[in-house]
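Here are some questions and answers on one model. They start from a side chain and move on to salt bridges, sheet and pocket.

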Amino acid sequence: FMEALQAGPDISMIGQFGVGFYSAYLVADKVVVHSKSNTDGNWKWESAAGGSFTVTKDDENAAELTRGTRIVLHMKEDQTEFLEERRIKDLVKKHSEFIGFP
């Protein structure tokens, strides 16, 4: 991944995250994804939309994230209603009724 990124940013690669990921920009000015696997260091993907992004080593958050992914949304000032638990539960229920889950 990092070799491909260093060869030059391929913006089409971003589409692999899917439409659901893009929806984050409806409520957030900036999205930061921190990621760590067992065999690699910590990495940070960051974008304020607009077609550009950066991927950097994330050594400063290494102690916080020992494995997995953390997504941080920097919310738009007029979208804070989506920080309310009830609002999120209602949205998930409304838009996932057609999906079977245990």
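Q: Is Glu85 buried or exposed?
A: This is a predicted model, where local features need pLDDT of at least 70, side-chain atom pairs count only at pLDDT 80 or more, and totals for chains, interfaces and linings use all residues. Residues are numbered from 1 along each chain as its sequence is written, and side-chain values use heavy atoms, with hydrogens and water left out. Buried means under 20% relative accessible area, exposed over 50%, partly exposed in between (1.4 Å probe, protein chains only). Glu85 has a relative accessible area of 54%, so Glu85 is exposed.

Q: Which side chain meets Glu85 in a salt bridge?
A: A salt bridge needs a side-chain nitrogen of Lys or Arg within 4 Å of a carboxyl oxygen of Asp or Glu. Helices (H or I, at least four residues) and strands (E, at least two) are DSSP runs, numbered from the N terminus. The N to O distance is 3.0 Å, and the partner is Lys89.

Q: What is the N to O distance between Arg86 and Asp90?
A: Both residues lie in helix α3, 4 residues apart. Arg86 is exposed at 53%, while Asp90 is partly exposed at 39%. Their side chains meet in a salt bridge at 3.3 Å.

Q: Which residues are linked with Lys44 in a network of salt bridges?
A: Lys44 counts as buried, at 18% relative accessibility. One partner is Glu46, with the closest N and O atoms 3.9 Å apart. Glu46 counts as partly exposed, at 22%. The network links Lys44 with Lys30 and Glu46.

Q: Which strands stand at the edges of the sheet?
A: Two strands pair if DSSP finds at least two bridges between them. The 4 strands form an open antiparallel sheet in the order β3-β2-β1-β4. Each edge strand has a single partner, so one side is left without a neighbour in the sheet; these strands are β3 and β4.

Q: Which element gives the most residues to the lining of the largest pocket?
A: A pocket is an open set of points on a 1 Å grid over the protein atoms alone, where a 1.4 Å probe fits, with protein on both sides within 12 Å along at least five of seven lines; lining residues have an atom within 4 Å of a point. Here the lining has 12 residues, with Phe82 and Leu91 among those nearest the centre. Two elements give two or more residues, β4 and α3. The top contributor, with 4 residues, is α3.
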